Amino acid sequence: MSADQEAQEDELLALASIYDEEEFRRAESGKEGEIHLCLELPPSFKLLVKGQNSTEHNVSFLPPLVLSFEFPADYPSASAPVFTVSSKWLTRVQITALCRRLDELWEENQGNVVLFTWMQFLKEETLDFLGIQSPLEIQSIESPPQCESGPKQAVDLSGEKSKDLDPRAVQEVDARTDILTQLLDFDEAQQQKVFDGKVFCCGICYSEKLGSDSLLFKECQHVYCKACMKEYFQIQIRDGKVQCLNCPEPKCMSMATPSQVKLLVGEDEFARYDRLLLQSSLDLMADVVYCPRMSCCMAVMVEPDSTMGICPACRYAFCTLCKRSYHGLSHCIATADELRSLRDEYMSVSEEGKKFLEKRFGRRVIQKAVEESFSTDWLKDNCKQCPCCGTNIQKVHGCNKMTCSSCQKYFCWICLGALSRVNPYSHFNNPNSPCYNQLFQGVQMDEEEGFGSDEDN
């Protein structure tokens, strides 16, 4: 084995012992490989996307720079490694500057292995060398450049012509790629990786768990173990409270994301959660009603100022106000239960609400409901029903032994119990009776007025 081959092998073994497989990947041939270098970003580093609506995003990680290399036979004694540098978020102009700096480092260290020196530079000095500070502006190009007729030079995303760029500088994203989404997805994945390796104390069971066994609410950063949160989510979903899957910390309103819920609960429970969440969202939409057929219940979109809904599933045409078959311009027919509550609703709403109810049911129906409701209230306050036939009886004067004017049966005004036809007063004379000695209970008699007969009641 030559001195160059020995130096190459020693360098690759040293790098393999320092970096894990995600950072350093060696090819089977032993003469080439890839090095993935994640830069250390300063705290509160931001991405700035300019456009019609400029936005800023906090990130802790950016996709790595990739240094691909191949050793020539006379490395390191005479030749430098053949390499390319690629990135998702740097422009080719910036990557070109890095390539030229790597060439300078080789010139300074010619005759010695140089990969570790290159890696340290790219990992620790790239931001300062390129003058990159927060916020980092991301180029947002909605459509690729239009090609005009005639020979033209290739243009980089940064606007530089290819003759000024190093062919070893590779930009991994083309003009049609949503680079911001890729950067944010990578940052989220790396933050989850860091979280998984840390130890946290669950705020419910107070046991220490790895982040991989814990759930983080992103808005508030509160952490609970997955076992506790799984049981909590299952109870809420079972009770139909899908809008209440928030952080268990008192007064904290951070909500669990659907992906977090799906991670913990079973397929059937998540399907119920997903269905109820959609239904609750539709319930908040003014132009959405549900098909009144119990076998269907499909969501139906309603045109503005229209009272007709047509179910897209079963084709049932119905009135969106009363939920019965569509009746055109005719008023809705109020049921007995609706009439009982219609008066209270009519008396409590605004003038605009009164007009809506009159338009829906008709003024005559509203008037009837109001009159009947007042009559019902008066009967409820001033009368009692005969226990035998149910006729409303008003007691004007006399004792508590009553005679129904409809069925002529005797009954007690106090307990509404039926009385004996032979001896009705025994109910008031029997010590075991609940109304014992209360024949004249609550009766106000004038001095000149006698007891009166039974028939006066």
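I take buried as under 20% relative accessible area, exposed as over 50% and partly exposed as in between, with a 1.4 Å probe and protein chains only. Arg-315 has a positive phi of about 65°, although it is not a glycine. Arg-315 sits in the loop between E15 and strand E16 (317-319). Helices (H or I, at least four residues) and strands (E, at least two) are DSSP runs, numbered from the N terminus.

I note that this is a predicted model, in which local features need pLDDT of at least 70, side-chain atom pairs count only at pLDDT 80 or more, and totals for chains, interfaces and linings use all residues. Residues are numbered from 1 along each chain as its sequence is written, and side-chain values use heavy atoms, with hydrogens and water left out.

**Other backbone entries**

I found a positive phi of about 60° at Tyr-206, again not a glycine. Tyr-206 is in the loop between strand E9 (199-201) and strand E10 (208-210), and it counts as exposed because its relative accessibility is 63%.

I then looked up cis peptide bonds. One joins Tyr-75 and Pro-76, with omega about 10°; Pro-76 is in the loop between E5 and strand E6 (82-87). The bond from Ser-134 to Pro-135 is also cis, with omega near 0°, and Pro-135 lies in the loop between H3 and strand E7 (136-138).

**Helix H1**

Helix H1 covers residues 3-18, and its 16 residues reach 23 Å from first C-alpha to last, close to the 22 Å expected at 1.5 Å a residue. The expected span is 1.5 Å times one less than the number of residues.

Which residues of H1 are buried? They are Asp-4, Gln-8, Glu-11, Leu-12 and Leu-15. Seen down the axis of H1, they fall within an arc of 95°, so they line one face of the helix. The arc is that of the directions from the helix axis to the C-beta atoms. On the other side of H1, I find Ala-3 and Ser-17 exposed.

**Whole protein**

I count 11 helices and 20 strands in the protein. Buried residues make up 34% of its 457 residues. Among contacts (heavy atoms within 4.5 Å) between residues at least 6 apart in sequence, 49% join residues at least 24 apart.
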